[in-house]
Amino acid sequence: MSLPAQPHEASEPETPHLDFQGTTPYEDYVQADVLTHLQHPLSDDPGEMVFLVTTQVMELWFTVIVHEWETATTAIRNDDVARAKDALKRSVRELEALNASWKPLGQLTPGQFNAYRAALGEGSGFQSAMYRRMEFLLGEKSASMLVPHRGAPRVHAELEKALHEPSLYDEVLRLLARRGHAIPDSVVRRDVSQRYEPSPEVEEAWTELYSGDPDHELARLGEALTDVAELVWRWRNDHLVATRRAMGAKAGTGGSAGVAWLEKRARKNVFPELWTARSHV
């Protein structure tokens with residue numbers, strides 16, 4: 001008896017396509033060769049390479065988070081709350097990854113950090129332009145923070161533009177005003193180049209929203225913002241703990257106050273009325 005014919009199976013190639021002209025399509029898209037050759041340690045200590053790569057990874061996460069928050073800010077300005085929430089939810093996952101970047105540095109001893117600290121010279125994280133753009137989007141505006149970037153015209157221009165644009169929270173409060181909530185004109189038309197200061201009327205608006213339908217679109221937006229705020233607070237605290245562990249209360253690099261400055265930052269709430277309103281619900 002003859003066996004039934006077997007269906008023809010297409011032969012699988014043993015290896016993927018390996019021969020490309022020039023670089024590979026992956027390299028053309030990801031620019032991995034550029035990324036993996038950006039590290040130039042200035043000491044012989046192997047820990048410096050860890051520090052360099054980790055801080056460069058942080059800069060990349062800053063970049064994508066700024067992209068998400070700018071997307072959310074534009075969407076809110078255009079009354080597209082669903083698009084804004086999607087961007088904020090993505091940024092929450094990205095903030096979690098950013099915060100995990102502290103793991104390689106979080107247990108440095110003073111001796112380990114001192115082995116390459118001199119290589120930093122006057123360099124300090126507060127000089128990061130992309131991190132400054134993150135802070136500006138959160139409403140933490142300060143014209144003085146543009147000063148370190150005067151020698152880099154393109155970076156300085158980008159920061160100056162961000163300084164004078166409404167923050168993410170400014171646009172959220174303008175949205176609440178358009179939706180009929182009693183946001184005072186002094187908040188809606190405030191000088192957005194100044195640091196945002198809490199408002200009792202804004203607190204009352206969030207209290208009203210949180211006392212109502214928890215599935216209301218604006219209440220859900222408030223929770224997405226709170227998720228962001230919580231992770232920013234955790235970032236600041238992880239930074240504080242890592243710094244305290246590595247260098248105690250010594251002055252920071254670049255002339256910063258080190259731990260004292262970080263402690264002050266860690267006490268500040270992002271989107272403050274979203275936190276204080278909860279005491280009145």
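Colleague: Over the ring of which residue does the charged end of R278 sit, 5.7 Å from its centre?
Modeller: In this predicted model, R278 lies over the face of Y210, at 4.9 Å from the ring centre. The charged end of R278 also sits over a ring whose centre is 5.7 Å away, and that ring belongs to W275.

Colleague: Y210 is also part of a helix contact, so to speak; which residues of α11 make the contact with α10?
Modeller: Helix α10 (residues 200–210) and helix α11 (residues 217–247) pack with their axes 9 Å apart, and α10 passes α11 in a left-handed crossing. From α10 the contact draws on W206, L209 and Y210, and from α11 on L218, A219, G222, E223 and T226.

Colleague: How are α10 and α11 oriented to each other, roughly perpendicular or roughly antiparallel?
Modeller: The packing angle between α10 and α11 is about 115 degrees. Angles of 65 to 115 degrees count as roughly perpendicular, whereas those over 145 count as roughly antiparallel. The two helices, α10 and α11, are therefore roughly perpendicular.

Colleague: And how are α3 and α4 oriented to each other?
Modeller: Helix α3 (residues 47–77) and helix α4 (residues 81–100) pack with their axes 8 Å apart and at an angle of about 165 degrees. The contact includes M58, W61 and F62 among the residues of α3, and R83, A84 and A87 among those of α4. Since angles over 145 degrees count as roughly antiparallel, α3 and α4 are therefore roughly antiparallel.

Colleague: What kind of aromatic pair do F113 and Y116 form?
Modeller: Because F113 and Y116 are 3 residues apart in helix α5 (residues 110–120), about one helical turn separates them. Their ring centres are 5.8 Å apart, with 90 degrees between the planes. Planes over 60 degrees apart count as edge-to-face, and the pair of F113 and Y116 is edge-to-face.

Colleague: At what relative accessibility does Y116 count as buried?
Modeller: Both F113 and Y116 are buried. Leaving aside its neighbours within four places in sequence, Y116 is in contact with S43, D45, G47, E48, F51 and L108. Y116 counts as buried because its relative accessibility is 2%.

Colleague: Which residues of α5 do G47, E48 and F51 in α3 meet?
Modeller: The axes of α3 and α5 come within 9 Å and cross at roughly 55 degrees, which makes α3 oblique to α5. The crossing in which α3 passes α5 is right-handed. On the α5 side, G47, E48 and F51 meet F113, Y116, A119 and L120.

Colleague: What separation do the C-alpha atoms of Y116 and A87 have?
Modeller: Y116 lies in helix α5, and A87 is one of the α4 residues that make the contact with α3. Along the chain Y116 and A87 are 29 residues apart, and their C-alpha atoms are separated by 38 Å.

Terms used: Residues numbered from 1 in each chain as written. Predicted model: local features only at pLDDT ≥ 70, side-chain atom pairs only at ≥ 80, totals over all residues. Heavy atoms only, no water. Phe/Tyr/Trp six-rings, centres within 6.5 Å; stacked < 30°, edge-to-face > 60°. Helix = DSSP H or I, 4+ residues; strand = E, 2+ residues; numbered from the N terminus. Buried < 20%, exposed > 50% of the residue type's maximum accessible area, 1.4 Å probe, protein only. Lys NZ or Arg CZ within 6 Å of the ring centre and 35° of its normal. Axes fitted to C-alpha atoms, helices over the stretch in contact; angles between N-to-C directions. Parallel < 35°, antiparallel > 145°, perpendicular 65-115°, else oblique. Contact = heavy atoms within 4.5 Å. Left-handed = near helix turned anticlockwise from the far one by under 90°.
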